[in-house]
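Below is a short note for a colleague who has the coordinates open.

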Amino acid sequence: MTPKLKKYINGSVKICIRGAMPEKFINLCVAEQIYLWGLSKESEDIYAWIELGDFYRIRPLVRRSGTRVTVKAYRGWPFFSKKIWRRKMLVLGAIMCLITIQILASYIWFIDVVGTKATSPLKISAVAQEFGLKPGVLKDTIQSKKIENAILIAIPEVSWVSINFTGTRVVIEVVEKTLPKQDDKAPANIVSDRDGIITEIIALAGQPAVKKGDTVRKGDILIKGVA
């Protein structure tokens, strides 16, 4: 094991040594075989790195040397693992949140029906639900083609249907059939659109209400419609 790796595994502390004779503290550490490294001096203070295990041994030496030692920094595995342990609930919560989101994304929660005019969207949704398409169902269990065919069979007004997935939403898109308009063949009266005198009247259907020579006004019935 390299010295650098050993220091990381054991943990290191950077200390500041203050007092009238900080050199005395260093000499005591040497006598006790406590290794200090990275020594530097700023004004009257001395800075040094010490292994975490040795840091707990220096209290008697601090009293004997009449100095004061404060911690300025620390590094290594013991401090890193402690930080992880403190934040374990946060990390665990984040992991559980990601798992929950992934699980929820595997289900369908919203269903929309688009393209309807004459047909009720509720009617289409009811058919889809009958064949397993409903909120809370797992995506992989949805048989899109089977549901599309079921809607076409159950609702004659629909000529085309497509089921599309967008995240946790399903869109049922339909196209309705265009039915030809039926002519109104119910009997109706023929009325005059102006004032005048009847010179001739020919009724191919219905019953004449006036005869040749009659005077009529706008809105008078000329021929009565009969069933």
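1. Largest pocket, composition. The model is predicted. Its largest pocket holds about 330 Å³ of space. The lining of this pocket has 15 residues, and those closest to the centre are Tyr 74, Pro 78, Phe 79, Lys 82 and Arg 86. By residue type, the lining of the largest pocket splits into 9 nonpolar, 1 polar and 5 charged.

2. Largest pocket, where the lining comes from. Three elements, α3 (52-55), β4 (67-75) and α5 (77-86), each give at least two residues to the lining of the largest pocket. Helix α5 has the largest share, with 6 residues. A reader who wants to display this site can start from the residues closest to its centre, including Phe 79 and Lys 82.

3. Second largest pocket. The volume here is about 160 Å³. Phe 55, Tyr 56, Ile 58, Arg 59, Val 62 and Val 69 form the lining of the second largest pocket. That lining counts 5 nonpolar residues, no polar ones and 1 charged.

4. Asp 54 sits in helix α3. Is Asp 54 buried or exposed? Asp 54 counts as buried because its relative accessibility is 13%, and the cut-off for buried is under 20%. Setting aside residues up to four places away in sequence, Asp 54 touches Ile 34 and Tyr 35.

5. The β8-β9 hairpin. Strand β8 (residues 158-166) pairs with strand β9 (residues 169-176) in the antiparallel sense, over 8 bridges. One of the bridges links Val 158 to its partner in β9, Glu 176. The hairpin has 2 residues between the strands, and in it Gly 167 takes a positive phi near 65°. As background, strands of a sheet pair through backbone hydrogen bonds, either parallel or antiparallel.

6. A three-stranded sheet. An open sheet is formed by 3 strands in the order β10-β14-β12, with antiparallel pairing. Strands β10 (190-191) and β12 (207-208) are at the edges, each pairing on one side only. Strand β10 and strand β14 (residues 221-224) run antiparallel and are joined by 2 bridges. Within that pairing, Ile 190 has Ile 223 of β14 as its bridge partner.

7. Largest nonpolar core. This core has 18 residues, and the members that touch the most others are Ile 124, Leu 133, Ile 147, Ile 151 and Ile 172. At least two residues of the core come from each of α7 (121-130), α8 (144-154), β8 and β9.

8. Ile 147 and Ala 128. Which residues does Ile 147 contact, leaving aside its neighbours within four places in sequence? They are Ala 128, Phe 131, Leu 133, Ile 142 and Ile 163. Ala 128 lies in helix α7 and counts as buried because its relative accessible area is 1%, against a cut-off of under 20%. In sequence, Ala 128 and Ile 147 are 19 residues apart, while their C-alpha atoms are 5.9 Å apart in space. Not counting residues up to four places away in sequence, Ala 128 touches Leu 133, Ile 147 and Ile 172.

9. Positive phi at Gln 33. Gln 33 is not a glycine, yet has a positive phi of about 60°. Where is Gln 33 found? The residue is in the loop between α2 (22-31) and β2 (36-42). Gln 33 counts as exposed because its relative accessibility is 70%, and exposed is set at over 50%.

10. Positive phi at Ser 43. Ser 43, also a residue other than glycine, has a positive phi near 60°. Ser 43 is located in the loop between β2 and β3 (45-51). With a relative accessible area of 68%, Ser 43 is exposed. When checking backbone geometry in the model, Gln 33 and Ser 43 can be viewed together with Gly 167, for which a positive phi is also given.

Notes:
Residues numbered from 1 in each chain as written. Predicted model: local features only at pLDDT ≥ 70, side-chain atom pairs only at ≥ 80, totals over all residues. Heavy atoms only, no water. 1 Å grid on protein atoms, 1.4 Å probe; cavity = no way out; pocket = protein on both sides within 12 Å on 5 of 7 lines; lining within 4 Å. Points joined across faces, edges and corners; volume = space filled by probe spheres on them. Helix = DSSP H or I, 4+ residues; strand = E, 2+ residues; numbered from the N terminus. Nonpolar A, V, L, I, M, F, W, Y, C, P; charged D, E, K, R; others polar. Pairing = 2+ DSSP bridges. Core = buried A, V, L, I, M, F, W, Y, C linked by side-chain atoms within 4.5 Å. Buried < 20%, exposed > 50% of the residue type's maximum accessible area, 1.4 Å probe, protein only. Contact = heavy atoms within 4.5 Å.
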